[in-house]
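Hi everyone, thanks for making the time. I'd like to walk you through a model I've been looking at, so let me put it up on the screen.

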Amino acid sequence: MKIRLLDIAHSRSGDKGNTSNIGLIARRPEFYSTLVKHVTPERVKEHFAGVCLGKVERFELPNLSALNFLLYDSLDGGGTLSLRADPQGKTMGTALLRMEIEVEDTQ
Amino acid sequence: MIRIANGQGFWGDSPDAPLDQVRRGPIDYLTLDYLAEVTMSILQKQRSRDPEAGYARDFVDVIDRVLPDLLAKNIRLIANAGGLNPEACRRAVLAVAARQGLDVSVATVSGDDITNRLDEFLNRGVEFRNMDTGEPLSVIRNQVRSASVYFGAFPIAEALAGGAQIVITGRCADAALVLGPMIHEFGWRPDEWNKLAAGIVAGHAIECGAQGSGGNCQDDWQTIPALEDIGYPIVEAEPDGGFVITKHQGTGGRVSVASVTEQLVYEIGDPRAYLTPDCSADFTSFTLTQDGPDRVRCAGVHGGAATPSYKVSISYAAGYRAIGSVAYAWPDAYAKAEAGARILAARIERLGLELDAVHSELLGANACHGIAAAQPSPELAAQLPEVVMRFGVRSKNRAAVERFTKEIAPLVLSGPPSVTGLGAGRPKVEEVMAYWPALIPKHLVAPVVSVPQLVSQ
């Protein structure tokens, strides 16, 4: 079954210099393992192809049923330099929620 | 237990929030956060034009409104509004107090502004390597406009112990504004890592204002009540490091595990080692539980030793930019906007302008989510009622950016039809500041705490 991350998670994003920081939170604790399994750094890098020009790092926060992602070189130089409408990547969190993942029906 | 409130998440936040925090329920401390990465370079620009400027002027208006309540209720206020000029900020605050006939002890924490000491440190071998790129500061030394050290919470606690009603700091870690009163009230020592880390987690939960109490919250956002009357977050802190995040009763917004979690994962980097001047905090160590309506309890925070360095935030001039936009209406709004961007790019190319970056976006179609949003389907694109074409350039050469700003308006008469210039005129050329994060050994700089005694004492 194909689902969108929007169905099982919420998120908040911001910046540190030219790095985008996206926190991804499971809507229920039982969805956390699905996020861990499917939302890998590789998938995230692929999802933001053309936007994220550096590496993607992922950190696990099982206590908050959350993952934290750092997307390097992703903000067109950073908050003050960027020519984008969203120079600090505040909407990149919801961009991540567009991702579709294939899950077992039991998940 | 002490109550520490946040009444300002950034410079530009609601001018009424500080007043609501002191009037709509009990608090012991009010903290106001004015400084973001981009703020210091703006303050530097202001100070270079006027030696009495360089701090958050809005703060003085806030003081004018809250001071009688602060004194009547003995609420103590801590703000990093000093920016690059805490002394001038204090003079402005004291002038307000004098005008109101009130006597108030205002402390400053300074010593963080090392703009004029950079060469001294470079000569002593501090390279100020960029924490992201590894490059030494010498690459951009001549473009530097400001350099500020992030101090911690102990100088704030010292100012409070000295009897200050108001503490004005320059640059310090945002969460230090909240940790400072805990150290002062509970007598926490510099090596009580778990307690210090708990204060940092609490500070992080409220330092962005209403973003910690239901604002900008995605989880069931449509059901969050009365955002027009949102209550800013408050920490109820206990001496053992436990705390509750809440807000005043009768205000809008929501304090839930979901809304607090969104704020806790905001801009934290590696959650196991969230580094601050006072300790390292482990954001994977604690639990959050709902402890009644609009109350979230946090317990079990673990921390570790601080590092031997302070972070330094350096801003430097990085050229110029201009961004303009026009709006295209149905039919074919999307196709017209695409064509407008193409035409503009071709004209700029023909002019041979020396530009470092050229960027166009179609607002209303895919500007925010970029490639992740994918292109709208041809059917959807054809139906869009309007699309804004936003076009920007950046260059070290100001004249090239100036020349670009003259290209947008002509597009209204010479490009695709059914277009409006949004009445904005030519886009403005702005000087852009970039940000250079670096480190400095702690033993080379020291915070300066100044607590003048009241005249009446």
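This is a predicted model: local features need pLDDT of at least 70, side-chain atom pairs count only at pLDDT 80 or more; totals for chains, interfaces and linings use all residues.

Residues are numbered from 1 along each chain as its sequence is written, and chains are lettered from A and ligands numbered from 1 in the order in which they are written.

With that in hand, look at helix α9 of chain B, residues 257-264. How many of its residues are buried? The answer is 8 of 8, so to speak a mostly covered helix. In order, the buried residues of α9(B) are Val257(B), Ala258(B), Ser259(B), Val260(B), Thr261(B), Glu262(B), Gln263(B) and Leu264(B). When I say helix or strand, I mean DSSP runs numbered from the N terminus: H or I over at least four residues for helices, E over at least two for strands.

Now let's step back to chain B as a whole. Chain B holds 14 helices and 19 strands. Its radius of gyration is 25 Å, close to the 23 Å that the globule rule gives for 457 residues, so chain B is as compact as a globular protein of that length. That radius is taken over C-alpha atoms, and the rule is 2.2 Å times the number of residues to the power 0.38. Along the principal axes, the C-alpha atoms of chain B fill a box of roughly 70 × 55 × 50 Å. Of the 457 residues in chain B, 51% are buried.

For contacts, the cut-off is C-beta atoms, placed from the backbone, within 7 Å. In chain B, 77% of the contacts with a separation of 6 or more are between residues 24 or more positions apart.

Chain B is divided into domain 1, which covers 2-112 + 150-307, and domain 2, which covers 315-436. Those bounds come from an automatic or database domain assignment. The C-alpha centres of the two domains of chain B lie 38 Å apart.

Next, two helix pairs in chain B. Axes here are lines fitted to C-alpha atoms, for helices over the stretch in contact, and angles run from 0 to 180 degrees between N-to-C directions. Angles under 35 degrees count as roughly parallel, over 145 as roughly antiparallel, 65 to 115 as roughly perpendicular, and the rest as oblique.

The axes of α6 (residues 154-161) and α7 (residues 176-186) of chain B come within 8 Å and cross at roughly 50°. That makes α6(B) oblique to α7(B). Among the residues that meet here are Phe154(B) and Leu160(B) from α6(B), and Leu177(B) and Ile183(B) from α7(B).

The axes of α3 (residues 58-73) and α4 (residues 86-99) of chain B come within 10 Å and cross at roughly 30°. The pair α3(B) and α4(B) is therefore roughly parallel. Residues that meet include Phe59(B) and Ile63(B) of α3(B), with Val93(B) and Val96(B) of α4(B).

A few backbone details are worth a look too. The peptide bond from Trp330(B) to Pro331(B) is cis, with omega near 0°, and Pro331(B) sits in the loop between β14 (309-329) and α10 (333-351) of chain B.

Which kind of phi does Asp220(B) have? It is positive, about 50°, although Asp220(B) is not a glycine. Asp220(B) is in the loop between α8 (193-206) and β7 (234-237) of chain B, and is partly exposed, with 13 other C-beta atoms within 10 Å. Asp294(B) also has a positive phi, near 55°, but Asp294(B) is buried, with 23 other C-beta atoms within 10 Å.

Finally, chain A. It has 4 helices and 6 strands, running β-α-β-β-α-α-β-β-α-β from the N terminus. Buried residues make up 54% of the 107 residues in chain A.

Where the chains touch, the contact takes 37 residues from chain A and 43 residues from chain B. On the side of chain A that touches chain B, β2(A) gives the largest share, 5 residues.

Thanks, and I'm happy to go back to any of these spots on the screen.

Technical notes. A residue is buried if 20 or more other C-beta atoms lie within 10 Å of its own, exposed if 12 or fewer, and partly exposed in between; C-beta atoms are placed from the backbone. Two residues are in contact if their C-beta atoms, placed from the backbone, lie within 7 Å.
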